[in-house]
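Let's take a look at how some side chains pack inside a protein and how others end up on its surface. Have the sequence and the 3D view open as you read.

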Amino acid sequence: MSEGRQGWPWQVKLTLAVTIGLAVLLFGQRSLRRPWVRPLPDIRVEMTRPIVTEDELGPDSAYRLLLKAAEQAQVLPGDPVLDQAEQLGPRPINGICLLWQTCHKLHCQPWPASQPSALAERLAAIRATNQRKAPEERQEDSDLLEEALAPNALWTLEELRIAQYLADLSQGTLGLVDEALAAPVCQMPTRFSILDPGVYNPEILYPLVLRLNLHAHREAAVGNYAGAFQDISRVLGLMNLVGRGGGRDSYFPGWEWDPDTTTAYLLAQSGSVPVPVLKQAAADLLALVAAAEPFVETVRADATYNLYQAEQAYGMAASNLPARVMSPEAPVWRQRVVVAV
């Protein structure tokens, strides 16, 4: 057979096979990089609401008014009520803890209808009962104090005075809350970081929420049930406002909002609220639910938030980390991570 009729050399065949194989692998890899789940036609995946920064919101916006109201509701170090609480015993005495404890007390024991006895009188009665027990059953004085101040124990005069002080929200603060709820610019700043300031920090908004709950309990104790449910509506309205900032933790009624639902339930099941007031409260609550941020918008905002965080993380890794971790002393695994990023 002549040389012209001979087949290709095996080296050429191998090269051709490898080239075709690499082309197939490259094509397959690029095909698999496409998302498996794609939005249906006419389905929006971007945020509907505009992206708003803090600087774009003026003094008449709901955000600024809400921050001002929250600032006035703070219980800061040096407040006389913290000194009163410290005298009751070894309890947390920062403002948020004291507010939460007082609100929890009201969830276990209603606002007293008459002036309760002082702590010293309560302790004397408990000690007398303790002395009548067998020696092995007697409690220590610290345990007796804890029993006298337990959430399910009767109110003491000192506890009631603290609750009255904390429930005394000024009309100016309540007016700011109402202005924030009625403000035409109700958009909150778009949340791009867990470190964002403002209403996304629980330490800023939580005192206002708890004090509105205490105010509701006090109003109900004097028979102003309409005012009490108005305070509950205020808190739920604030929850709707914060939900417009984006992020699942801003949307879901978490631990910051739980006292409000408990307060509403306790007042409604007490049996003393007039039926017309209950009907109006139910209508107001349903209206607030209808005005809540749609959950799909929260999902879109949460996706935007996560993409922003990923972009920032990759940017930091690309610009800052190599100088620190690509040194000869750095572990090999850390160098590989930086190179991969």
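Leaving out residues up to four places away in sequence, A85 touches I93, L98 and I162, where contact means heavy atoms within 4.5 Å. This is a predicted model, so local features need pLDDT of at least 70, side-chain atom pairs count only at pLDDT 80 or more, and totals for chains, interfaces and linings use all residues. Residues are numbered from 1 along each chain as its sequence is written, and side-chain values use heavy atoms, with hydrogens and water left out.

Is A85 buried or exposed? A85 is buried, with a relative accessible area of 4%, while V24 counts as exposed because its relative accessibility is 55%. (Buried means under 20% relative accessible area, exposed over 50%, partly exposed in between, with a 1.4 Å probe and protein chains only.)

Here is where these two sit; helices are DSSP runs of H or I, at least four residues, numbered from the N terminus.

| Residue | Helix | Relative accessible area |
|---|---|---|
| A85 | helix 3 (residues 80-86) | 4% |
| V24 | helix 1 (residues 10-32) | 55% |
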